[in-house]
Amino acid sequence: MSGSKKAIVKVAVPVMAAVAVGAVAYAGNVANTPPSHKSTPSASTAKKAYTSKAGAGDTGNPATWRLPIEKYLPAKKDTRIIAATRDSMIDECMKATGYDQWTPAPDLPEVGGKTLTDWRYGIHDAVLAAKRGYHPDAAEQQAYDEAQEAGAVDESGADNATLNGCVAQADGKAPAAQAGALAQQISDDSYLESMNTLSVVEVFAKWSSCMKAQGYTYAKPMDANDDTRFSDPQNVTDEEIATAKVDVECRRKYGVEKVWFDAEVALQQTAIAKNQTALDEERAAIRSAVTKAKSLSAIQ
C-alpha cells in the first residue's frame, strides 16, 4: 500500500509573509513559527534598553519587543508541551490499531522570525538583507524544506479514517493550545489599524521618500517586501538584495519599526481594557489545556 499523508503537513515558508496573518502561526503552531534573525543594531543603540508599556528589549532588535496581546496568546513552550503529548497519544493509538510503523510528522525547524514581533514590521537585519534580500536565511530554509519533505508522507500504509480517528481521540483528551478568537482578532486588527494612525502614516511617508531618493518607488514598507518580483522561493536576485539594503537603511533612519510598534501597543492596550474579562477567560483556557497535557504526559 502506498504511503499516506501525515496528520499535519506543514507549509513551507519561502519568503517572509505579512505577519498580521503570520501571528496565527506564532501563537498556535510552533512548528510553523518563522524564526528571527539576530539583527545587528548600530553600536550606538545596541546596548540601550527599549522600554515601553508593553515590555523591554534591545532598541535595535524588534525581535526582542513584546506586544501587550502576547500575554493572552499561547507561548511557544505551551504549544510544545501540548504537541508532544498529542503526538505521543496519536502514536499509541495508531500502533494499537495495527500501524506499528506510523510516526508523527516531525516538528519543522524554524524559518523566518522567531517571535511575534521579529518580522511583523518587515526585515530589520542589515547583514541578512545584504545576503538574502527579503528571503529567510538560506541554511534555515534548507533545513525547513528537508524536514518538510521527510515528514510529509508516512510509510505505514495507514488509512486516513484510522488516522483521523486517532487525531479526534487526542483532541478529546488534549486539545491543541490555539489562540483564543478574541486575542487573535485583537492582534490582527491592531496590526492593520496601526497603519492608519497618524504617527505611522507620517513615518511611512518619510520612509517612502527615502526609498524614492535612491530610485525605489513604494508607498509603504511592506509593499517592498511583498513585491512579486521577489517572490521566487528559490531565487534571490541582485535587484532584491539592493532593494532590501536600502529598505533597511531607510527604516533605521526614521525608526519605522519602533513607531509602528508603539502605535500597535496603544491600540492593543485600549482593546484589552475593553475586553479584559473575555481575554482572561481565553488565557485560562490555554492554561487549562497545558495543565491537562502535562498530567496526561505524566501518566504516560
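These are my notebook entries on a predicted model, with one topic to each entry.

**Ground rules**

I number residues from 1 along each chain as its sequence is written. Because the model is predicted, I take local features only at pLDDT of at least 70 and side-chain atom pairs only at pLDDT 80 or more, while totals for chains, interfaces and linings use all residues, and side-chain values use heavy atoms, with hydrogens and water left out.

**Entry 1: the overall picture**

I looked up the secondary structure and found eleven helices and four strands. Here helices (H or I, at least four residues) and strands (E, at least two) are DSSP runs, numbered from the N terminus.

Next I asked how much of the protein is buried. Of its 300 residues, 46% count as buried. Buried means under 20% relative accessible area, exposed means over 50%, and partly exposed is in between (1.4 Å probe, protein chains only).

The protein exposes about 14,300 Å², and carbon and sulfur atoms supply 55% of that area. Accessible areas come from the Shrake-Rupley method with a 1.4 Å probe; for residues, only the protein chains shown count as cover.

I also checked contacts (heavy atoms within 4.5 Å). Among contacts with a separation of 6 or more, 82% are between residues 24 or more positions apart.

**Entry 2: the nonpolar cores**

A reminder to myself: in soluble globular proteins, nonpolar side chains tend to be buried together. A nonpolar core is a set of buried Ala, Val, Leu, Ile, Met, Phe, Trp, Tyr and Cys residues joined through side-chain atoms within 4.5 Å.

Which residues touch the most other members of the largest core? They are Ile69 and Trp260, in a core of 37 residues. The elements giving two or more residues to this core are α6 (181-194), α7 (198-213), α8 (221-225), α9 (238-254) and α10. Helix α10 gives the largest share, seven residues.

I then followed Ile69 and listed what it touches, leaving out residues up to four places away in sequence: Ala183, Ile186, Ser187, Gln268, Ile272 and Leu279. There is also a second, separate core of twelve residues, including Ala158, Leu163, Cys166 and Ala170.

**Entry 3: helix α7**

The 16 residues of α7 should span 22 Å, and the end C-alpha atoms are 23 Å apart, which agrees.

Which residues of α7 are buried? I noted Val200, Val203, Phe204, Trp207, Ser208, Cys210 and Met211. These residues sit on the same side of α7, because they cover an arc of only 160° around the axis. The arc is taken from the directions from the helix axis to the C-beta atoms.

The buried residues of α7 pack against α6, α8, α9 and α10. On the face turned away from the buried side I found the exposed residues Leu198, Lys212 and Ala213. Just after α7, Gly215 takes a positive phi of about 95°.

**Entry 4: helix α4**

Helix α4 (138-151) has 14 residues and reaches 20 Å from its first C-alpha to its last, close to the 20 Å expected. Its buried residues are Glu140, Gln141, Tyr144, Ala147 and Gly151. They fall within an arc of 135°, so they line one face of α4. The face turned away from them carries the exposed residues Ala139, Glu149 and Ala150.

**Entry 5: salt bridges**

I counted a salt bridge wherever a side-chain nitrogen of Lys or Arg is within 4 Å of a carboxyl oxygen of Asp or Glu. How many are there? The count comes to 13.

I started with Asp91 and Lys95, whose side chains meet at 2.6 Å, N to O. Both lie in helix α2 (residues 76-96), four residues apart, about one turn of the helix. Lys95 is partly exposed, at 33% relative accessible area.

Next came Glu264 and Arg120, which meet at 2.7 Å, N to O. Glu264 lies in helix α10 (residues 256-274) and Arg120 in the loop between α2 and α3 (126-132), so the pair ties together parts 144 residues apart in sequence.

Terms used
Expected span 1.5 Å × (residues − 1).
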